[in-house]
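Biologist: I have the coordinates open and would like to go through them with you. Could we begin with the surface and then work inwards?

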Amino acid sequence: MKAIRVHQFGGPEVMKLEDQPDPKPGSGQVLVRLHAVGVNPVDTYVRAGTYTIKATLPFTPGSDGGGVIEAVGEGVKQWKRGDRVYIFGTASGIRAGAYAQLAVCDTLQVHSLSDKATFAQGAAIGVPYSTACRALFQKAKAVPGETVFIHGASGGVGIAAVQLAVAHGLRVIGTASSGRGQTLVKQQGAQHVLDHHSPDYLEKLIALTDGRGPEVILEMLANVNLAKDLSVIAPHGRIVIIGNRGSIEINPRAAMQRDATILSMMLPNASESELVSINAALVAGLASGALKPVINQELPLKDAPRTHELLMQPGASGKIVLIP
């Protein structure tokens, strides 16, 4: 099979397309032929060697994909050859193994992919939608009728959060920096979309919530926005930190004045039961049509270095996927 391999940590150029032996599933595992592979920001951190958990060199990056069961290992009863699935993780370890034509997965890492979704959409589910679902419901404990403010709503996690929030009866206000991104967020069901480069976007947010502020904020870039979030969060509101790229100074009194809660999350910290619950919701959302991942670009597997360059550029709009 063809697979992307990383032999040393570094920039996108360290990813090389190589021939590898076809893997075989062990007991309790399945072999998935991947028709599409999701590209996530965390993949760039793993490749660079800056992620919290370092991969063991050499390795194949990636954790998300959409494809078909190729073979099943001993003891596997719930899956059969030909089943359409999306994967969230592989047996190769944390954030590794999916940038390839074939991947071995434990049965808990494989989930049914509705005929309503393409393989590319299946590849866009794992990290983005699990992150959004955990942030909204397991961390913020958002309930119907509340207002959620999503910073960077046009990216993979942002779009997932908009769709999940709308499906659960939340009022959604998102931000995006480009006209294309703002249109995309609106199309997903957000009631209002603001330009976070506009100097008065926070004043507009306050006005849209009748001076109260949002009950929930999903924060994709805490080192830039956390202090601002504390200035607009509603009394007893919850801020969930999903992404961060540096340090920031905040005044804790802003949180005290509102009895606000600052929460944080990383998917590797999720328990098995939490992940089972998350993916049950995602499988149902795909089957009902409530969840429809937005694909921005599809590129061949050999262009993995290019996707990592594109991923870190501002103005994200939907997902980038690789086609093995």
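Modeller: Let me start with a definition: patches are made of residues with over 30% relative accessible area and no salt bridge, and nonpolar side chains are joined within 5 Å. Please also keep in mind that this is a predicted model.

Biologist: Fine, so which residues form a nonpolar patch on the surface?

Modeller: I248, I250 and I262 form one, and together they have about 190 Å² of accessible area. Of these, I250 sits in the loop between β12 and α8 (252-258), and its relative accessible area of 30% makes I250 partly exposed.

Biologist: You mentioned β12. What is the strand order in the open sheet of six strands?

Modeller: The order is β10-β9-β8-β11-β12-β13, and the pairing is parallel. The edges are taken by β10 (192-194) and β13 (261-264), each of which has a single partner strand, so one side of each has no neighbour in the sheet. From one strand to the next, the twist averages 20°.

Biologist: And over how many bridges do β12 and β13 pair?

Modeller: Strand β12, residues 238-241, pairs with β13 over four bridges in the parallel sense; as one example of a bridge, R238 has T261 in β13 as its partner.

Biologist: How far apart in space are V185 and S317?

Modeller: Their C-alpha atoms are 8.9 Å apart, although the two residues are 132 residues apart in sequence.

Biologist: What about α3, how many of its residues are buried?

Modeller: Helix α3, which covers residues 126-139, has 11 of its 14 residues buried, so by the under 20% criterion for burial the helix is mostly covered. Among the buried residues are G126, P128, Y129, C133, R134 and L136. After α3 comes K141, whose phi is positive, near 55°.

Biologist: Changing topic to charges: how many salt bridges does the structure hold?

Modeller: It holds 10 salt bridges. One of them joins D19 and K2, with the closest N and O atoms 2.9 Å apart. D19 belongs to strand β2 (residues 15-19) and K2 to strand β1 (residues 2-6), so this pair ties together parts that are 17 residues apart in sequence. D19 counts as exposed, at 57% relative accessibility, whereas K2 is partly exposed, at 34%.

Biologist: And which residue does R33 meet in a salt bridge?

Modeller: The side chain of R33 meets that of E70, at 3.2 Å from N to O. R33 lies in strand β3 (residues 29-38) and E70 in strand β4 (residues 64-72), so here the parts tied together are 37 residues apart in sequence. R33 is partly exposed at 31% relative accessibility, and E70 is partly exposed at 22%.

Methods: Residues numbered from 1 in each chain as written. Predicted model: local features only at pLDDT ≥ 70, side-chain atom pairs only at ≥ 80, totals over all residues. Heavy atoms only, no water. Pairing = 2+ DSSP bridges. Helix = DSSP H or I, 4+ residues; strand = E, 2+ residues; numbered from the N terminus. Axes fitted to C-alpha atoms, helices over the stretch in contact; angles between N-to-C directions. Buried < 20%, exposed > 50% of the residue type's maximum accessible area, 1.4 Å probe, protein only. Patch = residues over 30% accessible without salt bridge, like charges linked within 9 Å, V, L, I, M, F, W, Y side chains within 5 Å. Areas by Shrake-Rupley, 256 points an atom, 1.4 Å probe, with all protein chains shown as cover. Salt bridge = Lys/Arg side-chain N within 4 Å of Asp/Glu carboxyl O.
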